Amino acid sequence: MFMLPAFTPVANASEAAAPAAAAPAAAEAAAPAAAAEAAPAAAAVVYPPAPKLTEADYPTIKGVNARVAVWLVAQLHLWFGAFVVAVPMFVFIIESIGMMTRDERYDNMAYEFIKVSITAYSLTAILGGLLSFSLVLFYPDLFKYLALIFKESMFAYALLFFAESAVLYIYYYGWHWLQGGNKKWVHLTFGLLLNAVGVLLMFLANAWTTFMMSPAAVDAAGVFNGNTWEAIHNFLWNPINIHRVVANVAYGGSIVGAYAAFKFLSARNNEERAHYDWVGYNANFIAIAALLPLPFAGYYLTAEMYAYSQQMGITLMGGVFAWIFIIQAVLIGALFLSANYYLWCGMGRSEGAYRYNPRIKYIAIVLVAAFLVWFTPHTLVLTNSELKSLGGPYHAYLGVFGIMPAKNTAVNFLLTFTFMSFMFYRRANKVATVSWATTGNAAQIALFTVGLINIVILGVYYGYFTNTVYKVAASIPQVLTTLIIIIVSTVIDTFMYKGAKDVAPLHWGRMSTRSQYALFLLAVSFTWLMGLMGYVRSGIRQHWHVSNIFRDASPDAYTPGLGYAANIVSIGTIIFMAMVIFVFWLSTISGKHVVAKGYWKEQA
Amino acid sequence: MTQKRRIPRLLQMVLIILGVYFSFILLFDVVLGQLIPKSLLTMYMLFVVAGVVMVFTFTEEGAQELVGPIKALVEDPSKKTVRNVVFVIVPLLAGYYTYSSMMPSFEAPMELRTIHPAPPTKFKAYGKSFNLATLENPYRKFQKEDPAKFSELVKAGGDVYIQNCQYCHGDKLDGKGPYASGLNPTPLNFQDVGTIAQLQESFLFWRIATGGPGLPAEAAPWISSMPVWQDFLTEDEIWKVILFLYDYTGRAPRSWAHE
């Protein structure tokens, strides 16, 4: 039976050093030894070498660009897939909160989210099918090569898809049936099962993708000499798994946030507006909560790519794709700014917000300053006169912001101050009644101050005055500092505001339309960002189907211009958003009941 | 008692944005003496404007106060003259901006040059093949094992550098050699924290040995004027000069191993 062993990510780039150095070379060095060890298995299955193709080996359809077709379909499948895998995760948590608090609003919200994801699930499956057909049609030799290596996992994937569908349908259609007492526990268990199957499906598909980037158990000719697990557990599998799980939750949160904004803007009465305002708030909370660890998951993935191959690392961050990272920085900026703006607007729901409003501008100053550092490129885009004036492509003062230690420091500031926005929002409507409130506030100020100083010291000293081992490793204590600030502050706040007085009842629905567009911006930025970064992840293989062992010989075996790539991703984003709006609209009409008087025959 | 007069919010916002803009120019172009590139300033201002607008509009009252004068300008019959003036000036300014941006100039266009070329997996030099993933500086081990020998190797590398490299890269390794001003792009500044400190020694070996012509075809055209040093230096000399580059700048090569 096909089984996955325990999930054991590599701790960091340096730990991964040995396999990293060996990985591309594994082709030659490991082949004889592995072949000898795997002799009994090899006797049973002999794998062919990677085919050496020519242009004639790629079927064509007149008027269809194979690369663009597969690119768009794969990307659309991934967008919907990410949403569908993510939604059950927070639906499970929201349902649990509802069970614990016995507040039915949470149960209703969880049901509404899963209802939206049901239509998206069909679209994911349709697009997945389309992707498989497109690959078989346009890249038959590649598909055959991968299918031979991954035949067990592909078969398991197909079977798991049945399981996923069955569990999802029981979970959704049984929602109102499995209510109360033990039945609710049974329902929640289905939710857990749904998540387990969904994540497993994603991990399997990730293995095929990462094998193309960092092939494992193959020799120089591409002859596979390992087993299924070795192929799955390739060098970049776990880093991608971690990154995708976290990113999917943030992405799913942003899409349901857009759904809430859509419903808020089309609400017909105050009750509906209040409900969808509350839903939007929760969705934004989910997106922000997952957004906080996301930069670190991304950094870990990139560090591992660099550790796997300096060629890949330099192509990614310093070479041809570096400019896309500047766009990425701008989009991440848009994400953080829109999430913060939504929180600040949300303070308008409370009568007590005026106490915190004057402080918002300081948060904004820090956020913007951190962004300026975040997207300052190391190599500048210069006119010739500027180049002459500066004496080279690097700026004497701004150049230091162009490398990762500065970016890591900036992103930790972003996260800390975004958390501060959230704290202000939570406090806006409350007045602490505990006797030690002043001490508690002082402790929090001290915590933030010391933490931020520590982040700067780690970034500046280890980032600029030590070697790369410490430079990369310093990012871990930086993250831990941010996490400690967030966790300790939350604990202090929880006790300090226990039994706190409400200034006045919260006015759910008292939100500007501007804030709802911020939620839309969050979803669109996320979608675009995923598309661009997905292209980069795939594009760093350059002219290889499978890195360094299986060459792409199709007419499109070149890295397209950045503008062209950005346009394709933008077209994909527009198509996806149109499909998402369609999904939202479907959820609107599903609740409508028209009484067609005189149409039906009267029953006796 | 007279009420304190406040600057209208719209004007406040405009003044803040202009203030930040001119502060950037003042700080970099005048005080620090390193101009702020136009492309970067545009990006900076995009986020500054976004941040300022967000602060001015996150409360309903603030937003209304901000757009109030604009609404009045468009709707208030008593502001007819001002409206007409604004409606003439704004398109003229937009036209002027468009004209100046589109007007052909004699200056060569900006280019998004890829400064850090991606290395190949393998390359050929000195009649043999080198694998960049496993290639290491054979002398690096002496840094710990035999510091005296290591110093000699560094010194020998320094001699190679002074005889061959300093003409472009400078005697302070800052990219400001005697020939530097004649080259575009200018030679790499090894003192910069973002250059050799970010790279493995095998990368430097590849770049030095194969020079400009050895750069990969994937992101052509390359405009590096770096000579093909394998034609002038021995393999040993290149490894020694690499030791010197790191030693002189006080940087350490990119590595994955803890000390």
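**Figure 1. A salt bridge between Arg514(A) and Glu60(B) in a predicted two-chain model.** The side chains of Arg514(A) and Glu60(B) meet in a salt bridge with an N to O distance of 3.5 Å, a salt bridge being a side-chain nitrogen of Lys or Arg within 4 Å of a carboxyl oxygen of Asp or Glu. Arg514(A) belongs to helix 20 (residues 513-539) of chain A and Glu60(B) to helix 3 (residues 60-75) of chain B, so the pair joins two chains; helices (H or I, at least four residues) and strands (E, at least two) are DSSP runs, numbered from the N terminus. Arg514(A) is partly exposed, with a relative accessible area of 24%, and Glu60(B) is likewise partly exposed, at 35%, where buried means under 20% relative accessible area, exposed over 50%, and partly exposed in between (1.4 Å probe, protein chains only). This is a predicted model, in which local features need pLDDT of at least 70 and side-chain atom pairs count only at pLDDT 80 or more, whereas totals for chains, interfaces and linings use all residues. Residues are numbered from 1 along each chain as its sequence is written, chains are lettered from A and ligands numbered from 1 in the order in which they are written, and side-chain values use heavy atoms, with hydrogens and water left out.

**Figure 2. The interface of chain A and chain B.** The size of an interface is often given as the accessible area lost when the parts come together. Chain A and chain B bury about 5,900 Å² between them, 65% of it on carbon and sulfur atoms, buried area being the accessible area (1.4 Å probe) that two parts lose on being put together, summed over both. The contact draws on 69 residues from chain A and 64 residues from chain B, with contact meaning heavy atoms within 4.5 Å. Across this interface the rule finds 1 salt bridge, and it also finds 15 residue pairs in polar contact, both residues at pLDDT 80 or more. Among the elements that give two or more residues to the side of chain A that touches chain B are helix 1 (17-37), helix 13 (322-346) and helix 17 (437-464) of chain A. The residues of that side of chain A divide into 39 nonpolar, 25 polar and 5 charged; here Ala, Val, Leu, Ile, Met, Phe, Trp, Tyr, Cys and Pro count as nonpolar, Asp, Glu, Lys and Arg as charged, and the others, Gly among them, as polar. The predictor gives the complex an ipTM of 0.82 and a pTM of 0.84. Chain B averages a pLDDT of 89, and 93% of its residues score at least 70, pLDDT being the predictor's confidence in each residue, from 0 to 100.

**Figure 3. Salt bridges within each chain.** Over all chains, a search of the whole structure finds 13 salt bridges. In one of them, the side chains of Asp107(A) and Lys184(A) meet at 2.7 Å, N to O, and this pair links distant parts of the chain, with Asp107(A) in helix 4 (residues 104-138) and Lys184(A) in helix 7 (residues 181-213) of chain A, 77 residues apart. Both Asp107(A) and Lys184(A) are buried, and together with Glu95(A) they are linked in a network of salt bridges. In chain B, the side chains of Lys128(B) and Glu235(B) meet in a salt bridge at 3.1 Å, N to O. Lys128(B) lies in strand 2 (residues 128-131) and Glu235(B) in helix 9 (residues 235-249) of chain B, so the pair ties together parts that are 107 residues apart in sequence. Lys128(B) is partly exposed at a relative accessible area of 38%, and Glu235(B) is partly exposed at 23%.

**Figure 4. The surroundings of Ser350(A).** Ser350(A) is placed in the loop between helix 13 and helix 14 of chain A and counts as buried at 6% relative accessibility. The side chain of Ser350(A) reaches the backbone nitrogen of Gly352(A) at 2.9 Å, within the rule for a polar contact, which is a pair of N or O atoms within 3.5 Å; within protein, one must be able to donate a hydrogen and the other to accept it, and residues adjacent in sequence count only if both atoms are side-chain atoms. Leaving aside neighbours within four places in sequence, Ser350(A) is in contact with Ala428(A), Asn429(A), Leu506(A) and Arg510(A).

**Figure 5. The surroundings of Met13(B).** Met13(B) lies in helix 1 (residues 9-32) of chain B and, at 11% relative accessibility, counts as buried. Apart from neighbours within four places in sequence, Met13(B) is in contact with Val52(B), Val53(B), Phe56(B) and Leu66(B).
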